[in-house]
Amino acid sequence: MHRLYSFRRCPYAMRARLGILFAQMKVELREIVLKYKPAQMLAISPKGTVPVLELAAGDSSTRPVIEESREILEWALQQNDPQGLLSTDLVSANALIDRNDNEFKHWLDRYKYADRHPELSQLEYRQQGEVFLQALENLLAKNTYLLGDSISIADIGIMPFVRQFAHVDRDVFYSLPYPNLQQWLRSWLEHPLFQQAMVKFQPWQEGDELVIFPSDTPKGG
């Protein structure tokens, strides 16, 4: 079975888990604590960030590893894509995800941790991030989802980061002039697969019983 190292609240890990869910796959899940990264994960991915997907191929010493959330998402949907998330304008989808990862995430981190970045105020960081939010709002003014009337890889590639931005200050986010984006996010937060992606698991320790994701018996959360 493929093995996923994950951290529930990390938006990159959410992206990977959503890819696995939309691909209707099952993996062994190892939930980690970022302060105490397991040696088994660091041995296969020294960069020490989640998600990390260890593929069930070859013997235990040569299992291929996918270390980037976007690559995990794409790989999962290439294996199985029953809802057609890849049946979209992939040039536009990739451009949006590039902008999310390379531009929006920069401002999101500074908005969330403004006290660590005193060069600008939290308000100024938020306003920088809103440039991308306005672009998403413009897209959602035309369609239910970012690239059309059905979910695409762009939606699940970007949504966890918009969620994190919104949750810095929910009252502020929902007071901003982005009604279509707000509705899109609300719909995602209620989506059964997103709720499944956010089920809580105990941090993995060596010797624990195998944990399967998605779980057949959700534990809540």
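Author: Helix 6 gives the largest share of the lining of the largest pocket, 4 residues. The model is predicted: local features need pLDDT of at least 70 and side-chain atom pairs pLDDT 80 or more, while totals for chains, interfaces and linings use all residues. Residues are numbered from 1 along each chain as its sequence is written, and side-chain values use heavy atoms, without hydrogens and water.

A pocket is an open set of points on a 1 Å grid over the protein atoms alone, where a 1.4 Å probe fits, with protein on both sides within 12 Å along at least five of seven lines; lining residues have an atom within 4 Å of a point. The largest pocket holds about 580 Å³ of space, a volume being the space filled by probe spheres set on the points, which are joined across faces, edges and corners. Its lining has 25 residues, and Arg9, Cys10, Pro11, Leu34 and Gln164 lie nearest the centre. Two or more lining residues come from each of helix 1 (11-22), helix 4 (90-112) and helix 6 (153-168); helices are DSSP runs of H or I with at least four residues, and strands are runs of E with at least two.

The open sheet has 5 strands in the order 4-3-1-2-5, with mixed pairing; two strands pair if DSSP finds at least two bridges between them. Strand 4 (65-66) and strand 5 (212-213) each have a single partner strand, so one side of each lacks a neighbour in the sheet. Strand 3 (residues 52-54) pairs with strand 4 in the antiparallel sense over 2 bridges, and Leu53 stands opposite Ile66 in strand 4.
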